[in-house]
Each structure stands twice: as structure tokens, then as C-alpha cells.
Amino acid sequence: MRESRTTDSPADRGVRRTVRRTLVALAGMFAFAFALVPLYDVFCQVTGLNGKVDTSGQALVHEEVDESRMVTVQFVTRGSAGLPWNLEVETRQMRVHPGQSAEVYFAFHNSGATGSWARAVPSVSPSNANRHLRKVTCFCFDEQHLEAGERLELPLVFQLGRDLPPEVNTVTLVYTLYPVTRDEAPLQSRATAGKGDEA
Amino acid sequence: MWNVVKSVLAAFFGVQKEDRRREDFEQGRAGAFIAVGILMALVLVLLVALVATLVAR
Amino acid sequence: MRTFIVWMAGCLVVTLMVPVAMAQGWNMPVGVTDVSREVHSLHMTIFWICVVIGVVVFGVMFYSLFRFRRSRGAESANFHEHTTVEVIWTAIPLLILIGMAVPATATLSKMYDPSDADLDVMITGQQWRWRYEYLGEDVAFTSSLATSREQIRGAEARDENYLLEVDEPLVLPVDRKVRFLLTSDDVIHAWWVPELAVKQDTIPGFVNENWVRINEPGIYRGQCAELCGRDHGFMPVVVHAMEEEEFDAWLVERKEAAAQEAMGVDREWEMDELMERGEGVYGNICASCHQPEGQGSPPAFPALAGNQQLIEDVEWHLDKVINGVSGAAMPAFRNTLNPVEIAAVVTWTRNAWGNDTGELVQPAEVAERLAD
Amino acid sequence: MAPKLPPHHPVEQSTSTAAGGQAAEHPAPPRGLMRWLLTTNHKEIGSLYLIFSLTMFFIGGIFALVVRAELFQPGLQLVNPEFFNQMTTMHGLIMVFGAIMPAFVGLANWMVPLQIGAPDMALPRLNNFSFWLLPVAFTLLLSTLLMPGGGPDFGWTFYAPLSTTYAPPSTTFFILSMHIAGISSILGAINIIATILNLRAPGMRLMDMPLFVWTWLITAFLLIAVMPVLAGVITMMLLDINFGTSFFNAAGGGDPVLFQHLFWFFGHPEVYIMILPAFGIVSAIIPTFSRKPLFGYASMVYATASIAVLSFLVWAHHMFTVGLPLVAELFFMYTTMLIAVPTGVKVFNWISTMFRGSISFEPPMLFSLAFVVQFTIGGFSGLMLAISPADFQYHDTYFVVAHFHYVLVPGALFAILAGVYYWLPKWTGHYPHLKLSQWHFWLSVIGVNLTFFPMHFSGLAGMPRRIPDYALQFADFNLASSLGAFLFGASQLLFVWLVVKCVRGGEKAPARAWEGAEDLEWSVPSPAPLHTFEHPPTFRPDTPH
């Protein structure tokens with residue numbers, strides 16, 4: 001009934017102004033929800049939350065190797081449902097000095113009957129080591145393709161920063177292989193666009 | 001300005017004298033209170049975050 | 001007035017119930033690690049603080065209700081503000097909270113100590129069982145519910161540890177720092193043992209970390225704490241804590257048993273042997289989804305009995321068991337079952353419940369598939 | 001300190017101002033069903049909301065009773081685990097989005113215009129639309145139970161990937177229904193904000209408004225801030241399920257934990273959306289029946305605002321076990337503990353209002369007193385849950401279930417019941433039957449405590465939530481909880497009977513139905529005529545501010 005009135009009272013003007021403002025706020029909050037996705041990734045990278053790792057290579061930093069400290073680096077590889085691949089690492093653990101760069105090879109093998117795509121999703125534990133781990137080269141930056149029966153060895157080159165917190169003596173790098181359906185790939189990169197498109 | 005800050009601080013604490021409140025509502029502008037309120041909320045967040053960071057060390 | 005007395009009596013009963021109940025052991029367990037003791041003492045401290053505040057606040061409230069009730073002729077005052085009192089009752093809770101935050105922070109920092117551990121165990125949540133891998137020790141096994149269906153349905157008397165029994169418990173040494181790396185193969189689970197004060201979510205694709213140093217040998221039981229689908233209530237955790245020497249002996253024994261099993265891969269297996277072994281594996285691993293009679297529960301869990309694709313295509317069948325199905329509850333068993341177990345369970349499902357294919361899959365074939 | 005004058009106002013008792021000149025300019029409303037479908041009257045829409053909410057309350061209640069019946073004793077007797085999960089999920093979704101929230105919106109529709117002296121809501125046709133979205137949303141949601149694979153079975157918090165990759169096929173419909181319910185809430189919030197900010201009686205300033213209006217204003221802002229976030233989250237789920245994106249799927253580079261952050265960024269303010277209006281109702285009732293002005297009106301407003309601001313800073317306390325870094329755990333532990341301060345201030349203010357009052361125990365007051373006590377108990381367990389190391393033990397157990405049910409049932413729900421008893425004379429012109437309401441009250445209190453109090457113990461003893469079957473040591477607690485639940489459920493039937501009786505007749509109520517009631521709604525006749533305050537009332541704040 002109010003709306004049907006033709007008079008333009010100050011209250012009506014006020015209502016319209018309020019509605020306009022709340023609608024703007026609404027649109028802003030909806031956009032904000034989506035903005036939180038890339039923001040969260042940035043937040044994770046800064047804090048090391050959830051063992052999230054950079055998905056692009058970092059430059060090796062030339063710093064003096066800290067000979068006084070040894071850190072154990074463990075490598076764990078895991079498969080997942082729906083992918084007939086094996087992922088194996090040449091050594092399950094190695095000991096490095098902070099500041100020293102190291103290289104380790106991972107062997108991919110497709111034991112299935114057809115070629116397929118996969119991606120190794122990395123995770124680092126403890127999470128406060130994450131910021132101090134620099135990956136120079138990693139197979140985990142890209143999706144991999146293997147023909148049926150194909151075998152592939154790929155390197156991981158990494159460096160632990162000298163500023164690694166003193167209580168961290170063991171760093172565990174975990175790689176989980178997930179199947180990639182190739183026609184989904186463009187959409188996936190859209191979903192992860194906030195953190196620098198891989199490949 | 002200082003009065004606004006004091007009033008907002010009082011609001012954060014939740015206690016304010018009736019006459020002061022009346023004064024605020026007669027003289028102050030809502031925009032100023034909201035701006036200072038948001039600012040103080042940010043300060044609070046930073047303060048708690050700082051304490052957490054220091055303690056976590 | 002009568003109403004009021006009922007009120008007071010009710011509140012009193014509830015209040016009295018609490019200490020009585022806690023004395024009965026209806027409380028958080030003290031646990032068997034230093035951390036769990038600290039957590040328990042934090043819990044009791046904050047609990048008693050709440051009780052004291054509650055007694056004071058409700059005391060004043062009930063006093064007012066009683067003293068200033070209209071039926072007694074109370075006249076109302078007209079005050080509605082008192083700055084000093086308001087400042088006091090804002091400041092006091094603040095101080096109490098700060099007092100509470102200090103010990104809580106200390107305990108939390110201890111829980112987040114990532115320094116060197118003597119043993120690393122990878123815990124993987126799967127719908128609906130746990131997998132334990134002793135990193136660097138070549139020992140790994142799956143731990144699933146051992147309580148029988150008959151007990152759940154009520155056809156049998158329920159055991160003392162109903163729903164809290166597993167076929168293979170996680171075995172840990174006492175007095176050593178054990179680091180847990182937790183992850184999941186499918187949805188989010190949470191690994192929880194109250195006596196160890198460890199509850200940590202397992203998240204697919206990511207690894208969480210936690211640790212424990214157990215002080216007393218014993219058997220400690222817990223459950224999955226995060227809703228993970230249908231059998232969320234049926235994936236218990238059992239930890240068997242042993243003296244160190246005993247644990248070392250157990251580890252050696254497990255390694256030998258694994259080696260023994262590996263040797264069995266190469267020999268030719270008989271139908272009867274495989275069927276017997278397969279029935280056991282099926283009951284342990286597969287029956288929770290595909291049901292004991294293989295009828296499944298579609299659409300989530302397809303039937304195996306009378307499944308034409310399965311009967312006709314042994315390759316397809318092996319592929320699904322070994323590699324799983326992406327985005328569904330069917331996990332890949334390539335790393336969790338050994339070739340003998342895979343061969344046995346495939347043979348069993350191809351010959352049980354009227355799926356009489358008569359086909360037999362040799363462990364050696366499976367091993368070859370896994371290797372190439 | 002010298003006592004000061006109250007911040008509220010004696011009201012024009014002459015009904016002529018309020019009801020004067022109605023009917024003349026209003027065409028006769030359409031009859032029958034069309035009248036209710038097309039109504040733009042805030043009172044009728046308020047009633048529709050309340051009736052809808054009561055219906056949903058019973059449907060959600062039946063689901064809860066299915067859960068409690070299965071948990072009556074160990075073993076699986078009545079339902080299978082799949083259906084059990086659907087019941088817990090639907091119970092949560094329906095109670096949160098279908099019962100509690102619409103009940104508060106209904107009360108706001110009825111009472112906000114009456115309390116601020118407005119003739120109607122600012123946007124009456126939008127009001128009609130936002131109501132009728134709700135039956136659509138919830139019919140859709142309930143229909144998922146009949147779809148192949150069943151309805152949502154992933155908990156009301158619908159954590160990914162259980163609710164995406166591993167969800168039943170009906171999940172898309174669940175998302176759609178949540179979108180519709182969300183739009184309804186948003187439109188309702190816009191309407192309430194526009195009404196409160198623009199249609200107050202001349203002379204009524206913000207700090208003159210009754211607390212129910214204040215709390216609803218703040219609640220509406222919370223709704224505007226977080227419902228779009230919920231919409232964003234479920235849109236991402238929809239994209240993940242149907243369009244192959246990987247927001248929450250680790251396989252595609254997404255992160256399941258991100259879902260929880262987004263969900264709880266909505267979810268925690270949502271918790272306050274369900275409790276702030278309850279504070280407002282109780283803050284109206286306690287002064288009325290203590291015959292004494294509300295203690296610390298200004299600090300009540302400030303405390304409500306502080307709680308609202310803090311609610312955006314505490315979301316991760318629902319996620320202490322997902323593996324947050326130490327700094328984050330500490331941050332969220334501290335902010336969560338801070339919330340106890342303004343919440344405590346509110347409780348202290350209510351008690352000081354009663355102190356040296358002249359207290360009588362009519363049904364609205366009984367429910368409000370039960371609210372204060374039991375909400376505080378819920379607050380205590382909330383404080384315990386805030387202590388992060390201890391939360392590792394409490395998290396996802398029945399202790400948490402006990403905590404939030406104490407806040408929502410004897411908290412939010414009792415406040416709604418108190419409000420209904422308080423305003424029924426205004427709505428129907430009759431007092432609710434006294435003896436029956438007392439029976440309803442006592443049975444509800446006993447039922448609620450018998451149901452939820454033992455859950456504290458089962459949780460501490462180690463019982464996880466959302467399990468269809470449990471170990472033998474939890475049997476006694478669950479037996480008590482189930483008995484209590486059936487008692488509580490049955491006593492709500494009494495409430496329905498009582499309301500029907502009250503609509504049909506009973507002791508006649510005057511305009512000012514309660515002796516100590518002061519706000520504007522008591523200046524219009526009882527029952528309130530369809531159109532009130534067509535001409536703005538004279539609002540005369542008796543304090544010169």
C-alpha cells in the first residue's frame with residue numbers, strides 16, 4: 001500500500017536510499033566471498049597454513065650453508081583412486097644442511113592400459129617449515145601425461161632456508177597423485193587462477 | 001575527535017555514562033563514529049594478532 | 001512461592017548432579033600422556049571457574065527473584081545505570097579470561113612441538129577404516145571394525161568393547177615420541193583417542209601433524225570424530241601401547257610376516273585356499289559397502305552378486321580393485337592390499353553368491369600387473 | 001550514584017491516535033486463500049511466518065525424534081545409517097533455516113512496526129515475496145528425501161568433499177533450496193533495515209528504540225553481511241559438482257579446508273543471527289515483569305554491537321582440529337574468549353534489572369528466566385570450548401551438541417516462546433490459558449534439561465556426534481536424552497493447543513496487557529487492528545535527550 005502511493009515523502013526517499021545501499025553491500029559481500037578464495041591462498045602461502053606450497057618454481061637463494069645443523073627431509077608418495085599409476089621416490093629420506101640445495105628423483109609409472117594425465121599434489125609438514133622450503137624444480141608444478149606402460153623420472157630440486165625455525169628437525173614432503181580429466185583442465189585453472197596459473 | 005575515540009572505546013568496553021552518551025548522540029556525526037569504530041576494530045584485530053604472534057614464538 | 005521453591009530445588013538437583021556425575025568417572029579422561037594430563041587440568045580449571053561464576057550469578061538472580069517478588073509486596077526501584085558496577089563487571093571477567101589464556105597458551109605451544117620424533121606413523125583415513133604405515137619400517141596395515149554385524153543388529157550379545165574393537169590395533173611403544181602424519185584418501189575424517197588427547201582431522205591431499213608420548217602401556221580406544229559418510233560411527237581407533245622391547249619385537253615379527261607373505265606370491269595357489277582367504281578379506285574390507293551377500297546398496301555402492309560387467313570382464317574387475325574409482329567411495333587397493341589378498345578377494349567375488357565363473361586369479365598375475 | 005531517569009517512555013494511552021481513521025481508506029481484502037497469498041500487511045505476513053516456522057519446528061522435531069529413537073539404545077534398530085545421516089542433516093537445516101530464523105522474522109514483522117510506530121514495513125510487497133519464497137525452498141529441500149540416493153546426508157555444515165564429490169545426486173536441489181531460503185532472509189533483512197531506519201515515529205531516535213528493534217537492526221546487518229557469503233559457498237559447491245571446477249577438491253588444486261573457512265565465516269555470525277533477537281525479546285520481558293526499567297540500556301546496545309563485530313573474528317574456533325598454525329589457534333582462542341565479556345555484560349544487566357524490582361512470574365517471564373539461566377549454561381560450555389587445547393577433546397563430541405542446543409533450544413527457542421506468550425494478548429486480544437502455559441513451561445524445562453544435560457557427560461566420556469550407534473558405556477546418557485526428547489516434543493503439542501485456544505477465546509486483554517509494559521505496541525488496542533499507526537503516534541520521550 002505504501003508503494004502504491006504517488007506522493008514522494010521523505011520516508012520513501014529514505015527507504016529507497018537504504019535499499020540501494022544494502023543492495024550495494026550485498027553485491028560487495030557476494031564478490032568478497034569469491035575474493036576470499038585467492039585471498040586464502042595468499043594467506044596460506046604467507047603462514048604456511050595447511051602445508052600449501054607454491055605452484056611455481058622459486059629461485060635458488062645463494063646463502064652460506066649452515067654446516068652446524070642437519071635436517072632430515074622425508075619423502076612420502078601416495079596414489080589415489082581411479083589412477084593406475086605408481087609414484088616412487090629414489091630415497092625415502094635424506095639429510096641436508098639448511099642453505100644447501102638438494103636433488104631427488106621421483107619415478108612415475110603408468111601401469112594402466114591407456115595413456116592418462118595426473119597431477120602430484122604437494123603438502124609439507126610441519127606447516128611452519130613451509131615458508132622456508134624453496135622448490136626450484138618440481139614435477140608438482142605441472143600436470144603429467146604418461147602413455148600406457150610408460151615410465152618417467154622427474155627431479156625435485158629444493159633448498160631449505162637458513163632461517164628454518166630451530167625446533168624443526170624433520171620436514172616431510174608428501175605427494176599425492178590425482179587423476180586429471182583433461183577436458184576439465186581449463187576450468188580447473190580458472191578455479192585456481194588466484195595463485196598463478198601453472199604450466 | 002578525541003571525544004569520538006573515547007566514546008568508541010567506551011562502546012568497545014560496553015560502559016558509558018548516560019550524559020556522555022546523550023552528548024554524543026546530540027553532537028557527534030554517525031559517520032565519524034562508524035569510521036572510528038571500524039578503525040578500532042582493526043586495531044583490536046592487530047593487537048590480538050600481535051599478542052598471538054609474540055606468544056607463539 | 002511454591003513455584004519458586006520448585007525452581008530452586010530443580011536448580012539444586014542439576015547442580016548437585018554435576019559433581020556426582022564427575023565423581024562417577026563421567027568426565028574427560030585424564031589420559032596417559034603429559035599433554036593429556038595438562039588438557040584435563042585445563043578442563044577442570046575452566047570448569048570450576050564456570051561453576052564459581054555460575055553460583056555467584058545465579059545466586060544473585062535467585063536471591064532477587066525471591067526477595068523482590070511482587071507477591072511479597074516488593075516495590076520496584078527505578079535505577080537503571082551504575083557506571084562503577086558496570087566497569088567492575090566488565091573488568092573482572094576480562095581478568096579471569098586472561099588468567100585462563102595463560103595456561104591454555106602454554107599447553108597449546110607444547111602440543112605444537114614439531115621437534116624430533118623416534119618413530120613416524122602415517123595415518124590415512126579411508127571410508128571407513130584406518131590405514132597405518134610405519135614410515136621407513138616397511139610395516140603397514142589396515143585397521144577396521146571387528147564388531148560383528150550380528151552384535152550390531154542385536155542378534156548376539158554385545159561385547160564389553162562393542163564398536164570399539166578392530167582387527168589390528170595401532171601398536172606404539174611407550175616412552176618414545178611418536179609423530180603422526182595424518183591424511184585421507186577420500187573425505188575428511190578425524191583420528192581421535194581421548195586417552196591420548198589427540199584429535200586431528202585427516203584431509204584429502206594435505207598432511208597434518210601431531211605427536212604423542214605415551215607414559216603407560218595399555219589399550220586405548222577412540223573413534224572417528226568427523227562425519228565421513230555412512231559408516232562414520234563404525235570406524236574405531238584402537239591403540240595398543242607396549243613396552244619398548246616388546247614393541248621392537250613386534251615390529252621385527254611384522255616385518256618377517258610381510259616377507260613371508262611376499263614369498264607366497266610366486267607359488268601356484270589352489271581355488272580352496274584363495275576362496276578361504278578371499279572370504280576373510282571380503283568380510284573385513286568390502287562387506288561394509290557391498291554388503292555380506294554382495295547385494296550392495298545402489299546407487300552409491302553397486303551390487304557385486306550377479307553384476308554382469310564383473311562376471312564377464314576379469315580385467316575390468318581387477319582394475320577397479322587395484323586402482324579404485326575416482327570421485328567415488330571405491331578406493332585403490334594397490335597399496336593397501338598385497339597381491340595375495342587382491343587375488344583372493346577377486347577370486348572370491350567371482351565365485352560367490354552365484355557368480356559361478358569358476359575363474360581363479362593367481363597372486364602372481366596380480367603382482368605382475370602391479371609391477372609393470 | 002544518583003538514580004537516573006529511564007531511557008524509555010510512557011506511552012500515549014489514548015487508542016484514538018493509534019487506531020483512528022482506519023478502514024476508511026482500505027479496500028476490502030480478497031477472501032480465502034488469495035487473501036493470504038497476496039497480503040502485504042505486516043501483521044498477516046508476521047502470522048504467516050510464525051505459522052510456517054511452527055510447522056517446520058514440528059517437521060524438524062520429528063526428524064530429531066527419529067534420531068533420538070535410534071539412539072535410545074545401542075545397536076541399529078529402526079533406521080539404517082544412511083537414513084540416520086539424512087535425519088541429523090535435515091533436522092539441523094530445518095531447525096536453523098526453517099524454524100528459528102523465520103520465527104524471528106515473523107516476530108520482527110509483527111512487532112517492529114508496532115514498536116517504532118510505523119504503519120507497516122517499508123516494502124510490503126517485497127515482504128510478501130520474501131515470505132512465499134520460504135515454503136518453496138523448504139518443499140524443495142524436503143522433497144530431496146524422496147529422490148534416488150536420498151536427501152542431504154553430510155550434516156548441516158555440509159563439509160566438502162563429503163558434500164561435493166561424495167554427495168548424493170540430490171545435492172544440487174539442496175543447493176537450490178538454500179539459495180532460495182538465503183534470498184528470502186536477505187530480502188527480509190533489507191526490509192527490516194529500511195523500516196527501522198526510515199519509518200520511526202517522529203521524535204524517536206535510534207537510542208530511543210526498544211531493544212528488540214535494536215537487536216533486529218544489528219541482526220539484519222549481519223544477515224546482509226553473511227548470507228551472500230553462504231550464497232557464494234554453495235555456488236562454489238554447485239560449480240564443483242556440476243561444472244568440474246575444483247574450489248574444494250584437492251585433486252584439482254583446491255582445498256577442502258577453504259570450504260570450512262568460508263562456511264564458518266558465514267556460520268559464526270549466523271549463530272548470532274539466531275541469538276541476538278532473542279536478547280531483544282528477553283530485554284523487553286524482564287523489565288516488564290520486574291516493573292523496573294532495563295538496567296544499562298546503552299551498554300546493552302553496545303554489547304550487542306560488540307558481539308556482532310566480534311562474530312566476524314572467531315570463525316576458526318569451529319576448526320581447531322583441522323591443523324591450523326599455532327598463531328591462528330591462539331588468535332581465534334583469544335578473540336573467542338573476548339566474546340564472553342559482552343555476553344556476560346548482558347546477563348549481568350538482566351539480573352540487575354531484576355534486582356530491587358517487583359517481580360511477578362507470568363508465562364513470558366518464566367520462559368525469560370529459564371532463558372537467562374540456560375543460555376548462561378550454554379555460554380559456560382562455550383567458554384570451555386574456546387580453550388583450544390581442551391577443545392581438541394571436546395570437538396565434534398556430544399559436548400558440542402549439548403553446548404549449541406543449550407544456546408539454541410532453551411536459548412533462542414525459549415526466547416521465541418517467551419515472545420509469543422508476551423505478545424499473544426496483543427495479537428489475539430486474549431491471554432493464553434495460564435495453567436496450560438505453566439504446564440507447557442515446566443514440561444519444556446524438564447524435557448530440555450533431561451535431553452541436553454546428559455549430553456555434556458556423554459561427550460566428555462568420548463561419544464562423537466552424528467553416529468547412529470554407540471559403545472555401551474554411553475547407553476545410560478542416551479537413554480535419558482531420548483526420554484527427555486520425547487517429553488519435550490510431546491509438550492510442544494500442548495503449546496499448539498494453547499495457541500489455538502488463545503486465538504479462539506479466553507480472558508480478554510486490554511491494550512496494555514501487562515502491567516509493567518512500556519513500549520509503543522501497548523498503545524494500540526488488543527487485538528491489534530489490521531492497520532495501526534496510519535498517522536504517526538506522538539512519541540514523547542520523557543527524558544529530555
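Chain C contains 10 helices and 10 strands, where helices (H or I, at least four residues) and strands (E, at least two) are DSSP runs numbered from the N terminus. The radius of gyration of chain C is 28 Å, well over the 21 Å that the globule rule gives for its 372 residues, so chain C is more spread out than a compact globule. Here the radius is taken over C-alpha atoms, and the rule is 2.2 Å times the number of residues to the power 0.38. The C-alpha trace of chain C spans about 95 × 45 × 35 Å along its principal axes. This is a predicted model, in which local features need pLDDT of at least 70 and side-chain atom pairs count only at pLDDT 80 or more, while totals for chains, interfaces and linings use all residues. Residues are numbered from 1 along each chain as its sequence is written, and chains are lettered from A and ligands numbered from 1 in the order in which they are written.

Of the 372 residues in chain C, 43% are buried; a residue is buried if 20 or more other C-beta atoms, placed from the backbone, lie within 10 Å of its own, exposed if 12 or fewer, and partly exposed in between. Among contacts in chain C between residues at least 6 apart in sequence, those joining residues at least 24 apart make up 65%. Two residues are in contact if their C-beta atoms, placed from the backbone, lie within 7 Å.

Chain C also holds an open sheet of five strands in the order S3-S2-S1-S5-S8, with mixed pairing; two strands pair if DSSP finds at least two bridges between them. Strands S3 (139-143) and S8 (208-213) of chain C stand at the edges, each with a single partner strand, so one side of each is left without a neighbour in the sheet. From one strand to the next, the twist averages 20°, with axes being lines fitted to C-alpha atoms and angles running from 0 to 180 degrees between N-to-C directions. Strand S2 (residues 129-134) of chain C runs antiparallel to S3(C), joined by five bridges. C:Arg131 has C:Thr142 in S3(C) as its bridge partner.

Turning to chain A, the secondary structure comes to two helices and nine strands, following the pattern α-β-β-β-β-β-β-β-β-β-α along the sequence. Buried residues form 36% of the 199 residues in chain A. Strand S4 (residues 101-110) of chain A is joined by five bridges to the antiparallel strand S2 (residues 85-89) of chain A, and A:Asn86 has A:His109 in S4(A) as its bridge partner. S4(A) also pairs in the antiparallel sense with strand S8 (residues 151-160) of chain A, over nine bridges. In S8(A), A:Leu152 is the bridge partner of A:Phe108.

Between the chains, five pairs touch, and the most contacts are between chains C and D. This contact takes 85 residues from chain D and 84 residues from chain C. On the side of chain D that touches chain C, H11(D) gives the most, with 14 residues. The residues of that side divide into 55 nonpolar, 21 polar and nine charged; Ala, Val, Leu, Ile, Met, Phe, Trp, Tyr, Cys and Pro count as nonpolar, Asp, Glu, Lys and Arg as charged, and the others, Gly among them, as polar. By contrast, no contact joins chain A and chain B, whose closest C-alpha atoms lie 10 Å apart.
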